[in-house]
Amino acid sequence: MARGADEHLVSGHIRLPNPIVQRPLRQVVKRLLMALSVLALTVVIVMLDRDGYRDGADETVSLLDAIYYATVTLSTTGYGDIVPYSDAARLVNVVLVTPLRVLFLIILVGTTLEVLTQRTREQWRLNRWRTTLRDHTVIIGFGTKGRSAIQTLCATGLKKDQIVIVDPNSKVIETANADGFTGVIGDATRSDVLLRAEVQRARQIVIATQRDDTAVLVTLTARQLNRGAKIVAAVREEENAPLLRQSGADAVITSASAAGRLLGLSVLSPSAGTVMEDLIQQGTGLDLVERPVIKAEVGKSVRETDDLVISVLRGHRLLGYDDPAASPLQLTDRLITIVRARSVPPLRTPPE
């Protein structure tokens, strides 16, 4: 994530997911055309019965006089220099022109009220979002890695309103909004941008930037703002993984090395490679799931559980299923199991 990726964006701007039927400019243009249509209709009405109107200046009503009369009549109560004096003209004013004046004012005032109402509603939603957001997950970067991480988290039951995405590209954030996620536009290496994402109250932070040096800076900033959050970061080069751990990351995933190992495994055994790819794709086929030990499993061995257990997490120790210390199971243990996955809809791909 480089600074200045989008020159026109406002750094730290928050966008809540909100389907918009029409853009504000389009709504204003539409209402302006409606107002002009009402004005034109009033001019036609006056011109059709111009003999029933009297101009204080020259007694006759021209096209320009009709436009003038329609304008001042619709926008104000009129100045009295051009008035209807025949019964027919006065009846037309009561039946047609007066309702058109009311409609004209509704169009103009309605546009202003709608803009004010929209701003007030957005500010209220933003304030409510800030107040209720707790223990959420912040995703830094909505590229391929970020989208895959979100899809995995959603497959485990995490709700969309508990995910906040930070990215410097406004179009990427628009795509995230379309998927139902809240987005913050800005450079995640800046603390003010992360504070807008409420990173200080987050439970989990996923750093999926495009550059390793950016990932290090984001990790340092995020750890400084939140000492207790679990930070998981991705890097391209394995040599940068220790630097990320020193910066405060709890777990570091080396994307290039992981892909290379999967390629090598697929060469040696295509079927084993397929199984591994299935396991790391949450929501399809088989999934790796971490869950607590239930009371009925306490005191049993790993092989006596209903699920296929591959590891036992006991405190800070990760025990293999064949480790004699893994059995019997304890109530405070957590199990890493393989289960049948449930399908999760894919996320939209943001534009390049």
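This is a predicted model: local features need pLDDT of at least 70, side-chain atom pairs count only at pLDDT 80 or more; totals for chains, interfaces and linings use all residues.

Q: How should I read a sheet, and in which order do the strands of the open sheet of 4 strands lie?
A: In general, the strands of a sheet pair through backbone hydrogen bonds, and the pairing is either parallel or antiparallel. Here the open sheet has the order β10-β13-β11-β12, with antiparallel pairing. From one strand to the next the twist averages 30°.

Q: Which strands stand at the edges of this sheet?
A: They are β10 (286–292) and β12 (317–320), and because each has a single partner strand, one side of each is left without a neighbour in the sheet. Strand β11 (residues 308–314) is joined to β12 by 4 bridges, and R314 stands opposite R317 in β12.

Q: What does R314 have to do with D333, and where is D333 found?
A: D333 is found in the loop between β12 and β13 (334–340), and its side chain is joined to that of R314 by a polar contact of 2.8 Å. Leaving aside neighbours within four places in sequence, D333 is in contact with P292, V293, V312, L313 and R314.

Q: Does D333 count as buried or exposed?
A: The idea is to compare relative accessibility with a cut-off, buried being under 20%; D333 has 1% relative accessibility and therefore counts as buried.

Q: Which contacts does A215 make beyond its neighbours within four places in sequence?
A: A215, whose place is in helix α7 (residues 212–225), is in contact with I207, T209, A234 and L244. A215 and A234 are 19 residues apart along the chain, yet their C-alpha atoms are separated by 7.5 Å. A215 counts as buried because its relative accessibility is 0%.

Q: How many residues has the largest nonpolar core, and which have the most contacts inside it?
A: This core has 30 residues, and those with the most contacts inside it are I140, V166, I205, I207 and L244. Elements that each supply at least two of its residues include α3 (87–132), β5 (163–167), β7 (204–207) and α8 (241–247), while the largest share, 4 residues, comes from α7. Apart from this core lies another, of 18 residues, among them A66, Y69, I82 and A89.

Q: Which residues does UniProt list for "transmembrane region"?
A: The unreviewed UniProt entry lists residues 32–48 and 94–116 under that heading, and such an annotation may be inferred rather than shown by experiment. In the model, the chain over residues 32–48 is 100% helix and 0% strand, with its end C-alpha atoms 24 Å apart.

Definitions and conventions
Residues are numbered from 1 along each chain as its sequence is written. Side-chain values use heavy atoms; hydrogens and water are left out. Buried means under 20% relative accessible area, exposed over 50%, partly exposed in between (1.4 Å probe, protein chains only). Contact means heavy atoms within 4.5 Å. A nonpolar core is a set of buried Ala, Val, Leu, Ile, Met, Phe, Trp, Tyr and Cys residues joined through side-chain atoms within 4.5 Å. Two strands pair if DSSP finds at least two bridges between them. Axes are lines fitted to C-alpha atoms, for helices over the stretch in contact, and angles run from 0 to 180 degrees between N-to-C directions. A polar contact is a pair of N or O atoms within 3.5 Å; within protein, one must be able to donate a hydrogen and the other to accept it, and residues adjacent in sequence count only if both atoms are side-chain atoms.
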